[in-house]
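Please read it with the sequence and the structure at hand.

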Amino acid sequence: MPEGRIEVVISAQDDYSASLNRFKSAMGDVGIKAERIAGIFTNLRSSWLAVAATAATVAMTINKAWDLAVVAAKFDEQKTALQGLTEQYGLSAEQMLSSIESASAGTVSRLDATTVANKSFLMGLDPAQLEFFTGAAKRFADTLGGDTVQAFDALTTATQTGQVRLLRALGVIVDLEAEYKKYGDTLTLAGKQAINFDTIQKALGERMRRMGPDTDTAADAAERYTASMGNFSLAVGEFLTPVLSTAAGMLTTMLDGFTKIIKFVDRPPMTLVER
């Protein structure tokens, strides 16, 4: 030690080390407890997530079934209206739907056929004209693309309104004004529409004869498959409708319960932590 210098060293190593070790031990206990609590909530949350996933699956299944039932109910409503429209011709709705299915070579579903038939009768077509325009729509859909229902809407709309420009695009040439003049100034709007359908039907028939025989294509097979799937879904919906209608109240309560479960999983109650 250098002369004239006094050095005093105060050591608290032992006390400090003991305190530090006690602190570490205490914090370690807190960490272990915190991990245990976190594990409990993780397991709880996992369990609720499993329940929520099951609830969501059940809810989606019920929702899909309900959608099918709603479509079936609307079909039943449309079919009832069709029955009233066909009775004046001595036909039933089922007979008319079968006629459309035959004329379209199975490319139109029952639901679409009901819509097509109702629209046609309200336009003023009779069953024979409806069957003819369905067959014509199928032929032109094969030639120009699209499906039978789309082609039917285009043909009947153009015919009802006398849009000869659209008809010319299909190779159907008619002079409706010349036909109107044959009846003078007394011709009504309903009379003009009747002339439209009669004249254009003849022109369409001639055009299809020039197109040659109809052939079955891969596109026709795809349309038939789509129509068959639609008919199957409709049949399932018709089967489910009475069941779901009866159980509507119970299903509403069940879905409300599932909603609460999912909300719990999204934001678990913190009161459990406080206790």
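A crossing of two helices is called left-handed if the near helix is turned anticlockwise from the far one by less than a right angle, and right-handed if it is turned clockwise. By that convention, α4 passes α5 in a right-handed crossing, and the crossing of α5 and α8 is right-handed as well. The model discussed here is predicted, and every value below was computed from it.

**Overall make-up**

The secondary structure of the protein amounts to eleven helices and zero strands, so that the order of elements, read from the N terminus, is α-α-α-α-α-α-α-α-α-α-α. Of the 275 residues in the protein, 29% are buried. Among contacts with a separation of 6 or more, 72% are made by residues 24 or more positions apart.

Two packed helices are described by the angle between their axes and the distance between the axes. Helix α4 covers residues 127-144 and helix α5 covers residues 148-161, and the two pack at an angle of about 120° with their axes 8 Å apart. Angles that are not roughly parallel, antiparallel or perpendicular count as oblique, and α4 and α5 are therefore oblique to each other. From α4, the residues L130, F133, T134, A136, A137, K138, F140 and A141 take part, and they meet T148, A151, F152, L155, T156 and T159 of α5. Sorted by class, this contact holds nine nonpolar, four polar and one charged residues.

Helix α5 also packs with α8, where the axes come within 8 Å and cross at roughly 130°, which makes α5 oblique to α8. Here L155, T156, T159, Q160 and T161 in α5 meet Q193, N196, F197, I200 and L204 in α8. The residues of this contact divide into four nonpolar, six polar and no charged. L155, T156 and T159 are named in the contact of α5 with α4 and again in the contact of α5 with α8.

**The nonpolar core and residues around it**

The largest nonpolar core has 39 residues, and L130, L155 and V172 are the ones that touch the most other members. The elements that give two or more residues to this core are α1 (13-86), α2 (93-103), α3 (110-123), α4, α5, α7 (176-181) and α8. Apart from neighbours within four places in sequence, V172 is in contact with F140, L167, A203, L204 and R207.

L170 is found in the loop between α6 (164-169) and α7. With a relative accessible area of 15%, L170 is buried, and, neighbours within four places in sequence left aside, L170 is in contact with F140, L144, L155 and R207. L170 and F140 are 30 residues apart along the chain, while their C-alpha atoms are separated by 8.0 Å.

T114 has its place in helix α3, and T114 is buried, with a relative accessible area of 0%. Once neighbours within four places in sequence are set aside, T114 is in contact with F75, Q78, K79, L82 and L97. T199 lies in helix α8, which spans residues 189-211, and at 16% relative accessibility T199 counts as buried. Under the same exclusion of neighbours within four places in sequence, T199 is in contact with V174, L176 and E179.

A105 lies in the loop between α2 and α3 and is partly exposed, with a relative accessible area of 31%. Most residues other than glycine have a negative phi. A105, by contrast, has a positive phi of about 55° although it is not a glycine. Not counting residues up to four places away in sequence, A105 touches K138 and R224. A105 and K138 are 33 residues apart in sequence and 8.0 Å apart in space, C-alpha to C-alpha, and K138 is also one of the α4 residues that meet α5.

The accessibility values of these residues are collected below.

| Residue | Relative accessible area | Class |
|---|---|---|
| T114 | 0% | buried |
| L170 | 15% | buried |
| T199 | 16% | buried |
| A105 | 31% | partly exposed |

Methods:
Residues are numbered from 1 along each chain as its sequence is written. This is a predicted model: local features need pLDDT of at least 70, side-chain atom pairs count only at pLDDT 80 or more; totals for chains, interfaces and linings use all residues. Side-chain values use heavy atoms; hydrogens and water are left out. Axes are lines fitted to C-alpha atoms, for helices over the stretch in contact, and angles run from 0 to 180 degrees between N-to-C directions. Helices (H or I, at least four residues) and strands (E, at least two) are DSSP runs, numbered from the N terminus. Angles under 35 degrees count as roughly parallel, over 145 as roughly antiparallel, 65 to 115 as roughly perpendicular and the rest as oblique. Contact means heavy atoms within 4.5 Å. Ala, Val, Leu, Ile, Met, Phe, Trp, Tyr, Cys and Pro count as nonpolar, Asp, Glu, Lys and Arg as charged, and the others, Gly among them, as polar. Buried means under 20% relative accessible area, exposed over 50%, partly exposed in between (1.4 Å probe, protein chains only). A nonpolar core is a set of buried Ala, Val, Leu, Ile, Met, Phe, Trp, Tyr and Cys residues joined through side-chain atoms within 4.5 Å.
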